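I opened my notebook beside the model and looked things up one at a time. Here are the entries, in the order I made them.

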Amino acid sequence: MAITKRTIKDFDSSLQAHMPLDIPVPDELLTDNDARIIKDMFDIISKYNSGSWISDMSITEMRADLLQLQSMLVTIMYKFGSLTSYVEGIEEQLKIARSKVRINARTMKQNFEDNGESVAITLDDLKDLSYVKTESIWAKFEKARIGADFVKYIYFAAKDHVQMLNNTIQGLSRLE
């Protein structure tokens, strides 16, 4: 009787990874409207890049910019909130998917051994296999994380500018 030796190839072809939970992905990350809002925010902020902005602009224009930027921050906060909520759970989702692959591989190994077959696979092989099998899930999650980080940095940069502009307006208003 010939003994069948099972290797990582047998496991690789038999194992699949699936999203552990069906968590909805935020609206395809950044929409055209989000990009327009971000561009509009930075168009307003860029007016303050010149060295003469303080003498070129009236307090009324600064207040209008401040209100518009604050409104845009509220709009972008919606996207930021939905993306960060999604991203907070992705690491655990990925861990669950990888664990399921490893558990299924261990079950396969046990079944092969129970059938008298020789199995040449290590725990490191199973770990590596779980990473390979979940690569597409990781890529999806990574895209969401990058989108969330981008929106977060935009949000906080604009928020800092809003605070600076608000303080400037208050200071100038006292001088008038």
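This is a predicted model: local features need pLDDT of at least 70, side-chain atom pairs count only at pLDDT 80 or more; totals for chains, interfaces and linings use all residues.

**Entry: Glu117**

I began with Glu117 and skipped its neighbours within four places in sequence; that leaves contacts with Thr4, Arg6 and Phe112 (contact means heavy atoms within 4.5 Å). Glu117 sits in the loop between α4 and β2 (118-119). Is Glu117 buried or exposed? Glu117 is buried, at a relative accessible area of 16%. The cut-offs I used are under 20% relative accessible area for buried, over 50% for exposed and partly exposed in between, with a 1.4 Å probe and protein chains only.

**Entry: what I am looking at**

Residues are numbered from 1 along each chain as its sequence is written, and side-chain values use heavy atoms, with hydrogens and water left out.

**Entry: helix α2**

I turned to helix α2, residues 32-46. Its 15 residues reach 21 Å from first C-alpha to last, close to the 21 Å expected at 1.5 Å a residue (the expected span is 1.5 Å times one less than the number of residues). Which residues of α2 are buried? They are Asp34, Ile37, Ile38, Met41, Ile44 and Ile45. Seen down the axis of α2, these buried residues fall within an arc of 125°, so they line one face of the helix. The arc is taken over the directions from the helix axis to the C-beta atoms. I reminded myself that an α-helix has 3.6 residues a turn, so residues three or four places apart point the same way. The buried residues of α2 pack against α4 (59-114) and α6 (135-175).

**Entry: the core**

Next I looked up the largest nonpolar core, which has 44 residues. Such a core is a set of buried Ala, Val, Leu, Ile, Met, Phe, Trp, Tyr and Cys residues joined through side-chain atoms within 4.5 Å. Phe11, Leu15, Met41, Met62, Leu69, Leu73 and Ile76 have the most contacts inside this core. The elements giving it two or more residues are α2, α4, α5 (123-133) and α6. Helix α4 gives the most, with 18 residues.

Leaving aside neighbours within four places in sequence, Met41 is in contact with Leu69, Met72, Leu73, Ile76 and Ala158.

**Entry: helix α5**

In α5, I found Leu126, Leu129, Ser130 and Lys133 buried. They cover an arc of only 100° around the axis, which puts them on the same side of α5. The face turned away from that buried side carries the exposed residues Asp124 and Val132. The buried residues of α5 pack against α1 (8-14), α4 and α6.

**Entry: aromatic rings**

How many aromatic pairs does the structure hold? I have four written down. Rings of Phe, Tyr and Trp (its six-membered ring) pair if their centres lie within 6.5 Å; planes under 30 degrees apart count as stacked, over 60 as edge-to-face and the rest as tilted.

The ring centres of Phe80 and Phe156 are 6.0 Å apart and the planes are at 85°, so the pair is edge-to-face. This pair links distant parts of the chain, with Phe80 in helix α4 and Phe156 in helix α6, 76 residues apart. Phe80 is buried at 9% relative accessible area, whereas Phe156 is partly exposed at 38%. Tyr155 and Phe156 have ring centres 5.1 Å apart and planes at 85°, so that pair is edge-to-face too. Tyr155 is buried, at 12%. Ring pairs link Phe80, Tyr155 and Phe156 into a cluster.

I also looked at Arg98. Its charged end sits over the ring of Tyr131, 3.7 Å from the ring centre. For this, NZ of Lys or CZ of Arg must be within 6 Å of the ring centre and within 35 degrees of the ring normal.

**Entry: C-alpha distances**

Leu83 lies in helix α4 and is buried, at 0% relative accessibility.

Key. Helices (H or I, at least four residues) and strands (E, at least two) are DSSP runs, numbered from the N terminus.
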